[in-house]
Amino acid sequence: MSTRDLPADWFKSAVVYQIYPRSFADSNGDGYGDVPGIISKLDYLKTLGVDVIWLSPIYKSPQDDNGYDISDYQDIDPMFGTLAQTEQLFAEVHARGMKIVMDLVVNHSSDEHEWFVESASSKDNPKHDWYIWSDTADDLYAYFGGGAWEWVEARQQYYFHQFTRKQPDLNWENDDVRAAVYKMMNWWLERGVDGFRMDVINLISKDWSKRDQGTWQMCQNGPRVHEWLQEMNREVLRGKNLITVGEMPGASVELARDYTNPERHELNMVFTFEHMDLDGTVGRSKFDYSKMHLPDLKANLNKWQKGLEDLGWNSLYWNNHDQPRILSRWGNDGMHRVASAKALGTVLHLMRGTPYIYQGEELGMTNAYFTELEQYQDVESVNWAADMVAEGRPLDRILDSLQVKGRDNARTPMLWNDSENAGFTSGKPWLKVNDNYTEINAEAALADKGSVFWHYRDLIELRHHHDIVVNGTFDLLWPEHEHIFAYQRKLDGKTLTVVANFSDHTVSLPSNLSPGEVVIGTATLSGDLSPWQSFAILS
Ligand code: ISL
């Protein structure tokens, strides 16, 4: 079924599954996941019950930032397969009644994209203005280390990049750039794509009057971003009932309301970051982490739930390819691994918004706990570690930060079974397979009705079958409680009460709960909750 035939707000009752292709399933033994590998696992995703699959980038790329540096938007990198195989993937996804979302990375391209090669070749070539060029470089910084300006001999000028030097920012002020992006998006839609996840899309409009405040202030939510999203909507998205999500670091509730207000015709939903930043340290690198305080997490999620209750829509996520594994982060990846995975899943999936599951989350996968710097591959981690070594920070402290916050924690290969390399590849995996694969893997999870996998399947079913999960109001219970995360949803005289003990200890319920139908978990109406116990009651 095409998305055109669906109700306009179908994305509200959908659950999205994110695949990080290089780590999902390798069909040819080269150690990297690929498109045929994904095809071979679609029945697994169907069993899980997800509606939409989002693919992290598989386009042609030098892989400086694992594909978020694209050198050809309309071709597939050979490490992942071919365009024909990708079209087959779309068909196979659709044949199973699921939808497919592609990653759209257009704040920047690769420096090896022909647009950039041409732009860099001379000051008077036809694409001379497709990137951001300057005769001088100031001290603006790049997010993955170093400065934001890079010298090009042929032009005798610098180009601007927010991310690595191999990710030059496109000049969205140029009409031809925007037209080329829209044309490319339409080309993918013609091939059957059902929507886009838009990488750092709120960083495309730069406000040069703010350059004294730094790269971040200058680029986030800039003056023309709404205008351009509306233009993109007119040129590409409108009337097709697609699913669109904008990744938006720095978006406030107020801005998110604008980005997702249906009457403004921009996007369906945003990915916000505030809750993910609660274990950081203000003004410092994310690697200088702190402890997350549960009342702060609840207060933040409550603010977003309330702020978008009457207007707009949000995404719900604990994990993606940029975040450490939630179990190791805010759960317990040791003796309470399964219970804490279920508790985290329960509170997330029963909130208002579209839930995203990142590959392996449904198995309760854990952080990698690499013990050597050389095991890390991610450009952000590698660059940060090099800076810290240069500053003289002790190695054990650097490794500790990477173990807790490094992006490679999410990127270790998917655990399929207990055979060598967890069934991910018959070759040498590009990133070390987590040692706990004999215990944690999809085959074992499918065979165990008490597994995290089946719990996630039940949560997805609840969203599909209960309108209250999709459209109910949201009210936090016991906001100041240090250990219990609980809330109520209400719709049409019904109440869904969701309760979870976010601690390794037994905790008493602050007050009695009303009986009702226990729709997930094992309920306790009064008395004690066991460590990481979670449930929902419909009354
Ligand atoms: O991972 C982060 C740094 O710790 C995030 O701040 C990340 O840079 C931000 O979420 C933007 O992410 C997206 O764009 C990046 C890419 O590296 C990420 O993988 C992608 O999700 C540049 O394309």
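Helices α5 and α7 are oblique to each other, a class that takes in whatever angles are left once those under 35 degrees are set apart as roughly parallel, those over 145 as roughly antiparallel and those from 65 to 115 as roughly perpendicular. The model is a predicted one, in which local features need pLDDT of at least 70, side-chain atom pairs count only at pLDDT 80 or more, and totals for chains, interfaces and linings use all residues. Residues are numbered from 1 along each chain as its sequence is written, and side-chain values use heavy atoms, with hydrogens and water left out.

**Helix pairs**

The axes of α5 and α7 (residues 225-237) come within 9 Å and cross at roughly 40 degrees. Axes here are lines fitted to C-alpha atoms, for helices over the stretch in contact, and angles run from 0 to 180 degrees between N-to-C directions. The helices themselves are DSSP runs of H or I with at least four residues, strands are runs of E with at least two, and both are numbered from the N terminus. The crossing of α5 and α7 is right-handed; this term applies if the near helix is turned clockwise from the far one by less than a right angle, and left-handed if anticlockwise. On the α5 side, R178, Y182, M185, N186 and L189 make the contact, and on the α7 side W228, E231, M232, E235, V236 and L237, where contact means heavy atoms within 4.5 Å. These residues divide into seven nonpolar, one polar and three charged. In this division Ala, Val, Leu, Ile, Met, Phe, Trp, Tyr, Cys and Pro count as nonpolar, Asp, Glu, Lys and Arg as charged, and the others, Gly among them, as polar.

Helices α12 (residues 379-391) and α13 (residues 395-405) pack at an angle of about 160 degrees, with axes 10 Å apart. That angle makes α12 roughly antiparallel to α13. Their crossing is right-handed. From α12, the residues S381, W384, A385, M388 and V389 meet I398, S401 and L402 of α13. By class, the contact of α12 with α13 holds six nonpolar, two polar and no charged residues.

For α11 (residues 337-349) and α16 (residues 452-465), the packing angle is about 15 degrees and the axes are 10 Å apart. This makes α11 roughly parallel to α16. The crossing of α11 and α16 is right-handed. V338, A341, K342, G345, T346 and H349 of α11 meet V452, H455, Y456, L459 and R463 of α16. The contact of α11 with α16 has five nonpolar, four polar and two charged residues.

**Sheets and strand pairs**

A second open sheet has five strands in the order β14-β15-β16-β20-β18, and its pairing is antiparallel. Strands β14 (473-477) and β18 (517-521) stand at the edges with a single partner strand each, so one side of each is left without a neighbour in the sheet.

| Strand pair | Sense and bridges | Bridge partners |
|---|---|---|
| β1 (residues 16-19) and β2 (residues 52-55) | parallel, four bridges | I19 and L55 |
| β18 and β20 (residues 534-538) | antiparallel, four bridges | V518 and I537 |
| β7 (residues 149-152) and β8 (residues 157-160) | antiparallel, four bridges | V152 and Q157 |

Strands β7 and β8 form a hairpin with four residues between them, and Q156 in the turn has a positive phi of about 55 degrees.

**Domains**

The protein is divided into domain 1 (3-107 + 170-462), domain 2 (114-160) and domain 3 (472-538), with bounds that come from an automatic or database domain assignment. The C-alpha centres of domain 1 and domain 3 lie 29 Å apart. Their contact takes 28 residues from domain 1 and 26 residues from domain 3.

How values were computed
Two strands pair if DSSP finds at least two bridges between them.
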